[in-house]
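Let us walk through this structure together, from its overall form down to the packing inside.

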Amino acid sequence: MTEKTADITERAPSAPATNTRKVFIKTYGCQMNVYDSDRMSDALARDGYQATDELGEADLVLLNTCHIREKAAEKVYSALGRLREMKKARARQGRELMIGVTGCVAQAEGEEILRRAPAVDVVIGPQTYHRLPDALKRARTGERVVDTDYALEDKFSHLPQAEKAKTRSRGVTAFLTVQEGCDKFCTFCVVPYTRGSEVSRPLQQIVEEAENLVSAGVRELTLLGQNVNAWHGKDKDGRELTLGDLLYRLAEIPGLMRLRYTTSHPRDMDERLIAAHRDLRLLMPYLHLPVQSGSDRILKAMNRRHTAQEYVALIRRIREARPDIALSGDFIVGFPGETEEDFADTMRLIEEIGYAQAFSFKYSTRPGTPGAELEDQVDEAVKTERLERLQALLFSQQIAFNRSRIGMEFDILIEKPGRQAGQMIGRSPWLQSVNIDADPSETGALVRVRIVDAGNNSLFAERL
Ligand code: 5AD
Ligand code: SF4
């Protein structure tokens, strides 16, 4: 999944205390953390907490953290250092500030966070968010709470759903977690350790949440999972279902206009899912299918369980089913042992596939993963140089893709106001933002457009 990063900075001076408590949630990392932050916010709303975007107003600050690459934990500790100062200043004014760490750093570091960050009141891992309100109650009595169990109860059935929490207005698009955790154990990755083993939510729970979101005004749903196409369930008659079946079922929801899913593993792209791309008008022609490397030697060392040729053949089958599909991927450069030749294989694979968009990273050693034990770690300067070449190629493909949309006609989903008055931003089927002259009353509508220009990240359209 893709990430965003930003820093904790206090944007407003301390506001006067009010009767309702306010929570500020800072989300690091992937879309699943965004989804989780919303669920925590909903759970806290039931406890009387109002969400705020102003750190200065908050009585509770939660850092929902990411552990996927290096320095993530260090970033959290330095944010906690700043929050500690804020907490001290508050104490001098006789005002409370509670601090919680959630997400994957919480899971990985646990007790260590309490030792290193004395200001922290609660540490809660991704599987126990439904116990957050209770943990806060205990913390208010002076206890410092760490809860990083892989809980036995189902957190999703304890967390309030979007429709029931009227505290936040939902937009036109929403995330819906259908699967969590991963059993693949790629040798570079911490996810199987921080998010635990693969768990799929039951069909009926997902359908209900999707229906609730649609009746709250959501038009586009993105199904989330660390390994989303490993989703599996059962229908009423006990028949085994896979992600393709789930998509066919969700596509029947009246009022829903678009479906997407992320992130997938090549090994789990089954026939039914490929058929869904062929058959379902609602399923957008966009697929994020990470390959990480184009070298068979490195793919093996990464424990990806497929070859470069198998990936290329799979993409060919998917493109036969859905010729206009846009591909996106993740790449790692500088995995231990990667030679210039291995890297050249990756560049060749990128040339062969042609990506509309991609995410690429220098390999980052994660303690506790098998990759960290490998000899032959690649020099940092070599990684930097390879990443630059790789990103230049991917960037040129992205620009070529965007420019190839010029003159095309298709529907965009109007999402939000644009930069200038009278303009709105919509989303293309292939995920680019599209600027168009439109009225805010059209939010949530599909509008037929022709593309007249293309930038690096967005498109410009006229209405048809
Ligand atoms: N180093 C660099 N990149 C990583 N990713 C996961 N773990 C690491 C790591 N240790 C990347 C992979 C994955 C994406 C979410 O993050 O490309 O697909
Ligand atoms: Fe990590 Fe591999 Fe699982 Fe993706 S499939 S979450 S990269 S272990």
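Helices (H or I, at least four residues) and strands (E, at least two) are DSSP runs, numbered from the N terminus. By that rule, the protein chain of this predicted model has 15 helices and 21 strands. Residues are numbered from 1 along each chain as its sequence is written. Local features need pLDDT of at least 70, side-chain atom pairs count only at pLDDT 80 or more, and totals for chains, interfaces and linings use all residues.

How is the chain folded up overall? Its radius of gyration, taken over C-alpha atoms, is 23 Å, which agrees with the value near 23 Å for a compact globule of 464 residues. The rule behind that value is 2.2 Å times the number of residues to the power 0.38. Along the principal axes, the C-alpha atoms fill a box of roughly 65 × 60 × 50 Å.

Now look inside. Of the 464 residues, 56% count as buried, meaning under 20% relative accessible area with a 1.4 Å probe, protein chains only. In soluble globular proteins, nonpolar side chains tend to be buried together. A nonpolar core here is a set of buried Ala, Val, Leu, Ile, Met, Phe, Trp, Tyr and Cys residues joined through side-chain atoms within 4.5 Å. The largest one has 57 residues, of which Leu223, Leu247, Tyr261 and Tyr355 touch the most other members. Helix α12 gives this core its largest share, seven residues. Apart from it lies another core of 25 residues, including Tyr28 and Met86.

Finally, find helix α12 (residues 308–321) again: helix α10 (residues 271–279) packs against it at an angle of about 35 degrees, with the axes 8 Å apart. Such axes are lines fitted to C-alpha atoms over the stretch in contact (heavy atoms within 4.5 Å), and angles run from 0 to 180 degrees between N-to-C directions. Here Glu271, Ile274 and Arg278 in α10 meet Leu314, Arg317, Ile318 and Ala321 in α12.

Note on methods: Chains lettered and ligands numbered in written order. Heavy atoms only, no water. Buried < 20%, exposed > 50% of the residue type's maximum accessible area, 1.4 Å probe, protein only.
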